[in-house]
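Please keep the structure open while reading.

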Amino acid sequence: MPKYLLLKHYRGGPEPHRPVPPMDQWAPEDVEAHMAFLRHVSELLEKNGEYVDAQALTPARTWVRYGGPDAAPVTTDGPLPETSDLVAGWYMIDVESHERAVELAAYVSSEPGPGGEPLYEWIDVREVMSDAPTGTDPA
Amino acid sequence: MIDARVQRLDEGTLRALVPRVLAGLVRRGEDFDVAEDALQEALLEALRVWPEHPPRDPRAWLTTVATRRLVDARRSEVARHRREETTYTEPRPAATEDGDDTLFLLFCCCHPDLAPASQVALTLRAVGGLTTREIADAFYVPEATMAQRISRAKLTLRGRRFDQPGDLAVVLRVLYLVYTVGHTGRVDLAGEAIRLARQLTLATQEPEARGLLALMLLNHARLPARLDPAGRIVTLDRQDRGLWDTREIAEGVRVLQSALAIQTEERRLGRYQVEAAIAALHDDVASAEETDWPQILAWYDDLVALTEDPVRQDPAAVLGRAVAVGHVLGAAAGLRETDRLREVIGERHRWHAVRGYLHELDGDPSAAAMAYAEAARRATNVAERDHLVRQAARARTGWGVQDWCCQRMPCSG
């Protein structure tokens, strides 16, 4: 069974289908509904036997590279720190097929936003490469 | 039937015996890491053998089997060394106070040469008797990672002599660390820290050990009210106080009083006792409105007086004091107190969260909402982040005007 990451972004990706303000500016009941939906997604994935992992990332980012011999690491917050892609978190799922991963991503994207209407958030679906070679010889 | 007995042996008898047997071996001059390995093997054997053949004296049994393992290990290193056999028949160590053993082992595990994460892991395994798997689960790391951390810690201790009394302050800090990380995981580390601190108070007359135990009990008593059934954080002022554990509060107050009673004039009051006193004042009232803020502020004054430069050395105390100042002298005064911390912890979520609280107290929900939102962006824990987003949304609703700047910022779940 292939594993997929369903990545959520703080920013970046295609033009939003429905622009919304940050969540701290939503009505409290909309915030509650949204958070309840996210809990529900984790529970649903576990119940289906499709859940592997779910994590959230803080928005702080530091790019780091080797500084050379005897030099400190070089760090920056990157080119275009205000607009570049920024991952917010993910679900890792273990599913039958790519189609199933797409179906689940669309379901995640239906999460309620302001006014209880779906957010239509873009979800980045990525397949995880497996470690082990398969049992058959490559052609 | 057998399973239930194994379970009982595992949880009760075995775990209590771990520090005593290990302390006996180390006192006899065995290397800490080798002795710990041998004891782990003896414990596995006990789980296999005891359900069918319960030993008459479990401690002696474990000591004998662990000793045999030590001999085996040495034999494989130094082939046929007859001298080693003497250990086998050596009488078991004289019975010592259990408390002494606990203290002795805590000093070993909290050796200043070890990093805090290693001190914690080693303490939980060698004194708490948790398995590597349980400790790994508690810290959400793979078991192999935790096993490696423990074995590196033990290597660091190899050859160290444990004939000097250790630093009790380090032990207390490690136990408090175990307590504070222990509220969310699958393993009840908070309960474990309380159990260890209780043992520690049997071994030392030091008031700060009791202060720490009191602080843990008085905070732990509020645990059932701290999250609602959906897992959402409930702040102290909104908690259902009927859910607080009154038995734990009573014990905490009793332990704190006994600490303050043995506290002498020339000794400075320790920080755990002061923090416990503050926790006791919160625990003592039936509603948030009745909180004795002037008294709490007086204790915070004592707390910040413990360090030369509290803003830099103990910003958490200054931040806690700012809340008390806000209640006693007014929110604006509290906010001024937080200003002093801007340079030191102005990037941390808690600083913004406290300012949000004080702005609300000040009747300024718009500033509160902005501070809470700022705090949410800096939170490093999902439950706290979600809580702060809710606080922001709630404050903003009170404020009325919906400031909908259409940023491209999706909810980040």
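Two strands count as paired if DSSP finds at least two bridges between them. In this predicted model, that criterion applies to S1 and S5 of chain A, which run antiparallel and are joined by eight bridges. Within strand S5(A), Tyr91(A) is the residue that stands opposite Leu6(A).

- The open sheet of chain A has four strands, in the order S2-S5-S1-S6, and their pairing is antiparallel.
- Strands S2 (51-56) and S6 (124-128) of chain A are the edge strands; each has a single partner strand, so one side of each has no neighbour in the sheet.
- On average, neighbouring strands of this sheet are turned by 20° against each other, with direction ignored.
- Strands of a sheet pair through backbone hydrogen bonds, and the pairing is either parallel or antiparallel.

**Strand pairs within the sheet**

- Which residue of S5(A) does Asp53(A) stand opposite? The residue opposite Asp53(A) is Met92(A).
- S1(A) and S6(A) also run antiparallel, and five bridges join them.
- In that pair, Tyr4(A) stands opposite Glu127(A) of S6(A).

**Helices on the sheet**

- Helix H1 (residues 28-48) of chain A lies across S2 and S5 of chain A, and runs at about 160° to S2(A).
- Helix H2 (residues 98-109) of chain A packs on the sheet as well, where it touches strand S1 (3-11), S5 and S6 of chain A.
- The direction of H2(A) makes about 30° with that of S1(A).

**Chain B as a whole**

- How many helices and strands are there in chain B? Chain B has 22 helices and zero strands.
- Of the 413 residues in chain B, 41% are buried.
- Among the contacts in chain B with a separation of 6 or more, 59% are made by residues 24 or more positions apart.

**Two helix pairs in chain B**

- Two packed helices are described by the angle between their axes and by the distance between the axes.
- Helix H2 (residues 32-49) and helix H8 (residues 143-157) of chain B pack at an angle of about 140°, and their axes are 7 Å apart.
- H2(B) and H8(B) are therefore oblique to each other, as an angle has to be over 145 degrees to count as roughly antiparallel.
- Phe32(B), Asp33(B) and Glu36(B) of H2(B) make this contact with Lys154(B), Leu155(B) and Leu157(B) of H8(B).
- By class, the residues of the contact of H2(B) with H8(B) are three nonpolar, no polar and three charged.
- Helix H10 (residues 189-203) and helix H11 (residues 207-220) of chain B pack at about 150°, with axes 9 Å apart.
- H10(B) and H11(B) are therefore roughly antiparallel to each other, and their crossing is left-handed.
- The residues of H10(B) in this contact include Ala190(B), Ala193(B) and Ile194(B), and those of H11(B) include Leu212(B), Leu213(B) and Met216(B).
- The contact of H10(B) with H11(B) divides into ten nonpolar, two polar and two charged residues.

**Single residues in chain A**

- Val41(A) has its place in helix H1 of chain A.
- Is Val41(A) buried or partly exposed? Val41(A) has 19 C-beta neighbours inside 10 Å and so counts as partly exposed, because a buried residue needs 20 or more.
- Val41(A) is 37 residues from Tyr4(A) in sequence, and their C-alpha atoms are 15 Å apart in space.
- Asp70(A) sits in the loop between strand S3 (63-65) and strand S4 (74-76) of chain A.
- The phi angle of Asp70(A) is near 60°, a positive value in a residue other than glycine.
- With 5 other C-beta atoms within 10 Å, Asp70(A) is exposed.
- Tyr120(A) is in the loop between H2 and S6 of chain A, and its phi is near 55°, a positive value in a residue other than glycine.
- Tyr120(A) has 15 other C-beta atoms within 10 Å and is partly exposed.

Notes. Residues are numbered from 1 along each chain as its sequence is written. Chains are lettered from A and ligands numbered from 1 in the order in which they are written. This is a predicted model: local features need pLDDT of at least 70, side-chain atom pairs count only at pLDDT 80 or more; totals for chains, interfaces and linings use all residues. Axes are lines fitted to C-alpha atoms, for helices over the stretch in contact, and angles run from 0 to 180 degrees between N-to-C directions. Two residues are in contact if their C-beta atoms, placed from the backbone, lie within 7 Å. Angles under 35 degrees count as roughly parallel, over 145 as roughly antiparallel, 65 to 115 as roughly perpendicular and the rest as oblique. Ala, Val, Leu, Ile, Met, Phe, Trp, Tyr, Cys and Pro count as nonpolar, Asp, Glu, Lys and Arg as charged, and the others, Gly among them, as polar. A crossing is left-handed if the near helix is turned anticlockwise from the far one by less than a right angle, and right-handed if clockwise. A residue is buried if 20 or more other C-beta atoms lie within 10 Å of its own, exposed if 12 or fewer, and partly exposed in between; C-beta atoms are placed from the backbone.
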